[in-house]
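Let's take a friendly walk through this structure, one region at a time. Have a look at the display below, and keep it in view as you read.

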Amino acid sequence: VVVPAPPLQGVGHRPRCACWAQRSAFEIEVVPLRRLKRKVGANGQHVMTSRRTRNSRRSNRRSRATANNPAPGSRVRLPRRTRNTPAWFGLARGQLEVQHRSRSIDVSKPYRKQFRVYPLSYFMNSNPSMEESDKIYLPQSAFEEVSLRHVNLPMTFEIRNPVNEKKTHSGVIEFTAEEYKAYLPKWMMDNLGFQIESIADITSVNLRKGKFVVLQAHKTAFTTLPDPKGALTNTLQRFTCLTQGDTITVRYGSSCYKLDVHETRPDPKITVVDTDV
């Protein structure tokens with residue numbers, strides 16, 4: 001029913017009739033008296049509340065109880081943020097989602113998830129020098145789930161192509177990628193046979209420190225460089241892991257040289273951070 005609203009008589013004024021102001025000053029909703037319930041307010045006055053208001057309050061209480069004590073494996077339902085919601089609501093909501101996720105996952109098992117892979121050049125804030133490393137970009141949700149498990153630092157991951165079963169290992173640059181997307185160096189995608197938007201299985205692993213590495217150059221021109229050892233050392237400083245069977249690229253000036261990882265000890269997959277190999 002649309003009728004002109006009565007003039008206001010002060011802040012907090014309620015009309016004596018069973019009506020509630022809705023949406024604008026010229027729209028009111030007529031509520032039957034049988035849907036109203038008399039309630040004594042904090043100031044001792046009688047307050048009329050409708051059935052819709054009472055049901056809304058019950059629903060909010062159920063939502064808060066479910067969010068604070070969610071059942072294992074259930075999906076938590078959180079209230080939506082509105083324009084008048086305080087700023088700390090977003091932080092509290094994120095912390096609650098992390099707590100619920102930690103209850104619903106088995107932290108005794110390693111982190112494993114499938115992602116669509118893209119070259120590093122597709123990432124907005126990528127550094128071109130990272131193409132000569134083994135580091136990747138992963139989403140923020142991956143960090144939240146991996147941090148709940150017992151992992152060694154720096155974090156290392158196994159990347160596997162489910163089509164040809166080829167695998168390698170890598171570190172991580174940042175956890176700033178979009179959800180369900182991973183950004184890999186171009187040489188890593190070529191070694192594993194990935195195309196753009198291919199599916200990759202990424203699993204968190206703990207690797208042992210390397211003690212011995214054998215590299216074999218594709219061309220003898222690499223051995224004739226003025227300082228091949230220095231060029232190789234500068235390249236390996238950008239690497240976190242080495243996997244037996246991989247092919248890495250060493251840049252010297254404007255030239256690039258490919259080397260095969262022929263052998264690694266004590267395992268076929270090692271970490272080269274803070275080690276002498």
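The lining of the second largest pocket has seven nonpolar, three polar and two charged residues. In this classification, Ala, Val, Leu, Ile, Met, Phe, Trp, Tyr, Cys and Pro are nonpolar, Asp, Glu, Lys and Arg are charged, and the others, Gly among them, are polar. A pocket is found on a 1 Å grid over the protein atoms alone, as an open set of points where a 1.4 Å probe fits, with protein on both sides within 12 Å along at least five of seven lines; lining residues have an atom within 4 Å of a point. This is a predicted model, in which local features need pLDDT of at least 70 and side-chain atom pairs count only at pLDDT 80 or more, while totals for chains, interfaces and linings use all residues. Residues are numbered from 1 along each chain as its sequence is written, and side-chain values use heavy atoms, leaving out hydrogens and water.

How much space lies in this second largest pocket? It holds about 330 Å³, a volume filled by probe spheres set on grid points that are joined across faces, edges and corners. Strand 12 (212-217) and helix 5 (228-236) are the elements that give two or more residues to its lining. Helix 5 gives the most, with four residues. Among the lining residues you can find V213, K229, L232 and D276. Helices (H or I, at least four residues) and strands (E, at least two) are DSSP runs, numbered from the N terminus.

Stay with helix 5 for a moment. Its residues G230, A231, L232, T235 and L236 are buried, meaning under 20% relative accessible area with a 1.4 Å probe, protein chains only. The buried residues of helix 5 pack against strand 12, strand 13, strand 14 (247-252) and strand 15 (255-265), where a contact means heavy atoms within 4.5 Å.

Strand 13 (241-243) also belongs to a sheet: it is one of the edge strands, pairing on one side only, and strand 11 (208-209) is the other. The sheet is open, with three strands in the order 11-16-13 and mixed pairing. Two strands pair if DSSP finds at least two bridges between them. Strand 11 runs parallel to strand 16 (residues 269-271), joined by two bridges, and K209 stands opposite T271 in strand 16.

Now move to strand 6 (residues 135-139), which four bridges join to strand 8 (residues 167-177) in parallel. Here K135 has G171 as its bridge partner, and I136 has V172. Is strand 6 largely enclosed or open? Five of its five residues are buried, so strand 6 is largely enclosed by the rest of the structure. K135, Y137 and P139 cover one side, and I136 and L138 the other.

Strand 8 also pairs with strand 7 (residues 156-160), this time antiparallel and again through four bridges. I159 has T168 as its bridge partner. Strands 7 and 8 form a hairpin with six residues between them, and E165 in the turn has a positive phi of about 65°.

Finally, step back to the whole protein chain. Its secondary structure comes to five helices and 16 strands, and 33% of its 277 residues count as buried.

Terms used. Buried means under 20% relative accessible area, exposed over 50%, partly exposed in between (1.4 Å probe, protein chains only).
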